[in-house]
Amino acid sequence: MRSPPPPTHISSEPAIETTETISLISATLLIPGRGEPIHNGVLAIKGSKIDWIGRHSDVPPKYQDIPPKHVPVLMPGLWDVHVHFGGMDVIGTLSAASGYLPGFNALAGAVTVDDLKTTLNAGYTSVRELGGYGGDLWPAVQNGPLIGPNIYSAIAALSITGGHGDDHSAPISTVTAAMNCGGSPIGICDGVDDCIKTVRKMVRRGARCIKVCSSGGVGSLNDDPEDRQFSDEELKAMVEEAARSRRAVAAHAIGKAGILSALRAGVKSIEHGMYLDEEAADLMLDKDAIFVPTQHIVRVLARDYGDQLPPPVKRKLFGIIDKSKDAYRLAIKKGVKIALGTDMTSSARTSALSHGNNAHELTYAVEMGMTPLQAIECATANGPETLGGMAPLSGQLKVGYDADVIAVAENPLDDVGVLTDPNNITHHLRAQLELLQNHDSAASSASPTSSARDPRGPPSRPPNGYDALPPQDVARPLAKLDAEAHIHPDLRAAVGHAPAANMMPMVPPAGHSPVPAVPGPSAVPLAPAPPQQMPVDDSNPADGRKAKRELSQSKRAAQNRAAQRAFRQRKEGYIKKLEQQVRDLADLELSYKSMQSENYALREYVIHLQSRLLDIQGEFPPPPPNVNLSQPSTAAPPPPSAPEPHHQQHPHQHQQAPPPPQPSNSSNSGVGTPLEAVAQAVAGLAAQEQMVERAQTYPSPPFKTEQPGEQDASSRAATEDLERPINSEARPGQP
């Protein structure tokens with residue numbers, strides 16, 4: 001019997017105040033996340049918490065006077081427990097996703113802003129980011145102007161040097177510098193002490209969970225998914241250090257050895273787990289670990305990204321597709337707890353791997369053997385459990401839980417695929433807060449306290465950092481006459497109000513050349529009035545101060561407008577520079593990918609060629625299609641030819657065999673290129689093989705043609721035998 005887990009911070013959350021607003025949402029179908037659905041259900045929300053849930057016929061009397069907002073289907077907000085926000089396919093590629101140039105982190109963060117909003121619009125109100133820039137943007141979502149889901153980030157995946165989380169195509173000094181002072185999502189550590197310190201660094205940067213790589217990966221070049229990484233001591237030290245601050249640990253584990261070592265150390269979730277078998281599944285049940293199968297990235301990479309992957313990555317990817325499906329079915333059969341994660345990485349909206357397509361993971365769960373209700377539970381109620389002690393009260397429609405819900409236009413229990421279409425927001429997914437804010441704005445417009453609120457004060461923000469949406473039926477007031485455009489709104493004259501006699505005349509100041517303004521549709525052109533001498537009213541000196549104050553405010557407004565115009569111009573210039581940098585980076589990535597692909601193919605061919613040098617009788621392996629090894633014009637001398645035949649050779653004597661044809665030089669010959677040495681080696685090897693074949697003295701097999709020297713000798717012998725009887729008959733007088 002395992003001891004019950006220690007209490008978390010959730011139990012110490014403050015109680016709901018009775019003064020908070022209560023809202024009701026009725027639904028034809030209410031899916032609680034865990035448990036049976038409720039038909040004709042009602043959800044009562046007090047503030048940001050669920051206050052009551054049940055059937056419409058059982059609504060308590062205290063809610064009878066509150067008009068409900070009706071939706072077809074109501075369910076908890078979806079959870080994706082494995083995502084990465086990094087701007088891939090916009091500022092980087094899958095083969096070169098890391099960027100270390102100055103400004104790359106800021107550019108990735110700017111691209112991520114739209115990814116966060118797209119994820120929320122898809123119905124995903126919470127995500128667990130296991131490496132990326134989402135954790136750095138979370139404070140702006142929580143307290144600032146950004147719109148997005150709740151982000152529980154690990155900041156970076158902890159890896160050994162040369163492991164799955166390392167960048168194998170960059171110098172180790174560059175990777176270390178980017179990790180220590182560049183703000184990149186990288187965590188390289190070796191040894192128990194360094195692993196403990198790196199966990200503390202991630203917590204210092206704001207990590208609310210920890211990710212470790214206990215096995216090799218597919219996307220990394222120089223490791224194998226079946227090999228384990230980190231020792232048992234290192235893994236245990238990181239898990240124990242994370243537990244001191246209530247952080248749960250997720251393990252990137254593909255091979256069986258990596259899965260078992262991570263489970264022995266006490267991790268909370270196994271990511272990917274393609275080589276999961278009976279032994280590993282039983283250990284997961286014993287440890288109460290959660291399985292995150294990430295089917296979406298495996299299928300999309302194999303379908304859409306095969307041509308973009310380096311050859312080693314491509315071989316590893318296609319080797320685990322079937323294994324990932326077998327492991328998924330085994331986990332369902334054994335009853336292992338599953339939470340759905342997609343491993344989303346792309347920011348290009350045309351890619352199926354881009355943020356916003358997260359709900360496709362539910363369709364794969366149904367395909368592997370789950371019911372739609374089970375798949376929804378894995379995408380809602382099971383998601384927060386991957387966070388251990390940092391788990392919020394979310395993912396279920398229960399009293400006391402967060403009011404983190406979504407409304408769906410169709411029944412996902414009939415077809416879970418309705419959750420995969422986030423674009424038609426009026427008929428599919430819609431954030432529950434939008435419904436409440438529209439409802440509350442109409443109610444607050446009639447409240448006497450709302451009109452007394454200072455309009456210049458900071459706007460109130462609902463929980464989770466979502467912006468309040470303005471009522472749709474409130475039109476923005478039109479601007480006043482252009483003559484008053486420079487005056488502060490609080491100082492402009494009301495409609496139908498004539499200026500007082502002691503106000504300053506509307507004339508330009510001395511030495512100022514007024515610019516004629518284009519009158520509005522209802523404006524009357526104003527002609528400049530001649531200078532007038534205002535009478536001084538000593539009885540009211542405050543009027544003069546008021547006029548001076550108005551003039552000073554008018555000047556400040558003009559200065560503010562000029563500053564805003566300059567700011568817009570600078571911003572447009574910065575945007576143009578950033579766009580040019582993005583184009584330059586894309587060109588560099590394309591050229592780098594082309595060179596890298598050619599280098600991979602050439603390296604494999606050279607290794608194959610060296611292995612064949614020991615057997616010169618064999619056939620040469622054909623080069624890759626994108627590598628040209630045609631012999632240069634001066635690369636090697638022609639093979640030695642046979643000696644010239646005697647001038648008196650008989651006409652019937654066999655002629656000398658022509659020399660073998662030389663390979664033709666193509667337009668992209670290896671001369672002057674890095675392939676010249678390989679081309680010369682191939683040409684020299686061919687010449688050496690021809691010389692050895694000519695020097696053979698043993699009889700050739702029946703299926704081979706005779707050598708030129710042997711054929712000439714046999715022909716001369718046969719000719720002499722035939723000439724003897726002919727010559728004796730032609731000269732009978734001779735002996």
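A contact here means heavy atoms within 4.5 Å. In this predicted model, 70% of the contacts in the protein chain with a separation of 6 or more are between residues 24 or more positions apart. The chain contains 16 helices and 17 strands. It has 735 residues, of which 41% count as buried. Its accessible surface is about 40800 Å², and carbon and sulfur atoms hold 57% of that.

An unreviewed UniProt entry lists residues 555-570 as "domain: BZIP". Over this stretch the chain is 100% helix and 0% strand, with the end C-alpha atoms 23 Å apart.

The count of salt bridges comes to 21.

| Salt bridge | N to O distance |
|---|---|
| Asp402 and Lys49 | 2.5 Å |
| Lys256 and Asp277 | 2.7 Å |
| Glu278 and Lys334 | 3.1 Å |

Lys49 is buried, at 14% relative accessible area, because buried means under 20%. Asp402 is partly exposed at 24%.

Lys256 belongs to helix α6 and Asp277 to the loop between β12 (269-272) and α7 (278-287), 21 residues apart. Lys256 is partly exposed, with a relative accessible area of 28%, and Asp277 is partly exposed at 22%.

Glu278 lies in helix α7 and Lys334 in helix α9, so this pair ties together parts 56 residues apart in sequence. Glu278 is partly exposed at 40% relative accessible area, and Lys334 is partly exposed at 26%.

Conventions. Residues numbered from 1 in each chain as written. Predicted model: local features only at pLDDT ≥ 70, side-chain atom pairs only at ≥ 80, totals over all residues. Heavy atoms only, no water. UniProt positions renumbered as here; feature names shortened; annotations may be inferred. Helix = DSSP H or I, 4+ residues; strand = E, 2+ residues; numbered from the N terminus. Buried < 20%, exposed > 50% of the residue type's maximum accessible area, 1.4 Å probe, protein only. Areas by Shrake-Rupley, 256 points an atom, 1.4 Å probe, with all protein chains shown as cover. Salt bridge = Lys/Arg side-chain N within 4 Å of Asp/Glu carboxyl O.
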